[in-house]
Amino acid sequence: MKQFIVAIFLCFAFCALVNAAERKIAYDRGGKIFVADVDGAHSKKIAEGDWPEISPDGTRVAFNTEGDAKNRPGPERHIAIADVASGKVTVLPNIPSDNCFGPVWSPDGKQLAFSIMADNAWQLGLVNVDGSGFRFVKNAELKPEAFGAPEWARDGKSIFCHDLDNIYQIDLDGNVLKKWELSKILTDASMNGGDRLSISPDGNMLLMDVDCGSEHERKNWDGPQPAIEKLEITADKAVRVTGKDDFVWEPFWLSANEFLCIMQKEKENEASIYRMGLDGKNPKLLVKHARTPSASAP
């Protein structure tokens, strides 16, 4: 009986190791989309585009294509999905705009939320991953800047987003469930329209990009110092995660205690992808000169 129990334990342990080894990350480098093991090894290019996010099961990557618009100034961008195994790319049909970006997967892998330009303003769009069921998530009270970096709640029933003044949690009909005023939760920091939000695996904490208010001079850097802060959903203040001298942004939760991010060190001209703990110490380099990291679910 004891041998049987030991065998069962070893089987579960082996399965856990296999599942951990199978986790994948996606990222972009120079307008090309790559997938790799969670430690950055065995990378392969699967598409051309920007803003990739790998699906929870690690089999697909959603991203936006990039090209020059034919009938207006600026880029032409469509939402696409690449199959990791085959490399086949499908541009989702029936989306009423040629300027969409930043798709993010619902926790069940069945829908995408993304930013879409329509009626001369940024809006939030939802679509099924087969391209069906497109709809806008409307709320006239939210500024267009709020729809630049959506993030699904872990239950798949609401979405976090932000503008220059607030972070919101909204349901899929656009109703505001909760609001955090940035002036109250941040100390000597602010956010811009492109800053990223990432929800923890247990759904209780947000990681966010912020722009530090204090002067921190660095050669070959234009603009405020980027940092990452964490906000417990029930708290009134965010807490800085990254070090006072670190230039870090684009967080994406990896586990209960770690996240992916990009960091640009002093004297470097490009950012690279790192793995970092919530104490902000001992970052581990995963991929050089790459950005927009995401990871499949544990």
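Predicted model: local features only at pLDDT ≥ 70, side-chain atom pairs only at ≥ 80, totals over all residues.
Which residue in E16 is the bridge partner of Cys-161? The partner is Tyr-168.

**Overall form**

The protein has 298 residues and a radius of gyration of 19 Å, which agrees with the value near 19 Å for a compact globule with that number of residues. Along the principal axes, the C-alpha atoms fill a box of roughly 70 × 45 × 40 Å. The secondary structure consists of two helices and 27 strands.

Of the 298 residues, 48% are buried. The accessible surface amounts to about 14900 Å², and carbon and sulfur atoms contribute 52% of that area. Among contacts with a separation of 6 or more, 41% are made by residues 24 or more positions apart.

Strand E12 (residues 121-128) pairs with E11 through eight antiparallel bridges. Within this pairing, Ile-116 stands opposite Gln-123 of E12. The two strands form a hairpin with two residues between them, and Asp-119 in the turn has a positive phi of about 55°.

E12 also pairs with strand E13 (residues 135-137), here through three bridges and again antiparallel. Leu-124 has Val-137 of E13 as its bridge partner. This second hairpin has six residues between its strands, with Gly-131 in the turn at a positive phi of about 90°.

Leu-112 is located in strand E11 (residues 111-118). Is Leu-112 buried or exposed? Its relative accessibility is 0%, and because buried means under 20%, Leu-112 counts as buried. Leaving aside residues up to four places away in sequence, Leu-112 touches a set of residues that includes Ala-62, Ile-79, Ile-81, Leu-92, Trp-105 and Trp-152. Leu-126 is another of the residues touched by Leu-112. Leu-112 and Leu-126 are 14 residues apart in sequence, and their C-alpha atoms are 5.7 Å apart in space.

**The hairpin of E25 and E26**

Strand E25 (residues 272-277) and strand E26 (residues 284-287) run antiparallel and are joined by three bridges. Tyr-274 stands opposite Leu-285 in E26. Six residues lie between E25 and E26 in this hairpin, and Gly-280 in the turn has a positive phi of about 75°. The loop between E25 and E26 also holds Asn-282. Asn-282 is a residue other than glycine, yet its phi is positive, near 50°.

**Loop residues and their exposure**

Asn-220 is in the loop between strand E20 (205-212) and strand E21 (226-232). Although Asn-220 is not a glycine, its phi is positive at about 65°. Asp-39 occupies the loop between strand E2 (32-37) and strand E3 (44-48). Arg-23 is 16 residues from Asp-39 along the chain, and 9.2 Å separates their C-alpha atoms.

| Residue | Relative accessibility and class |
|---|---|
| Asp-39 | 42%, partly exposed |
| Asn-220 | 64%, exposed |
| Asn-282 | 71%, exposed |

Why are Asn-220 and Asn-282 classed as exposed? The class exposed applies over 50% relative accessible area. Asn-220 counts as exposed because its relative accessibility is 64%, and Asn-282 counts as exposed because its value is 71%. Asp-39, with a relative accessible area of 42%, is therefore partly exposed, as that class lies between 20% and 50%.

Definitions and conventions: Residues numbered from 1 in each chain as written. Heavy atoms only, no water. Helix = DSSP H or I, 4+ residues; strand = E, 2+ residues; numbered from the N terminus. Rg over C-alpha atoms; globule rule 2.2 N^0.38 Å. Buried < 20%, exposed > 50% of the residue type's maximum accessible area, 1.4 Å probe, protein only. Contact = heavy atoms within 4.5 Å. Areas by Shrake-Rupley, 256 points an atom, 1.4 Å probe, with all protein chains shown as cover. Pairing = 2+ DSSP bridges.
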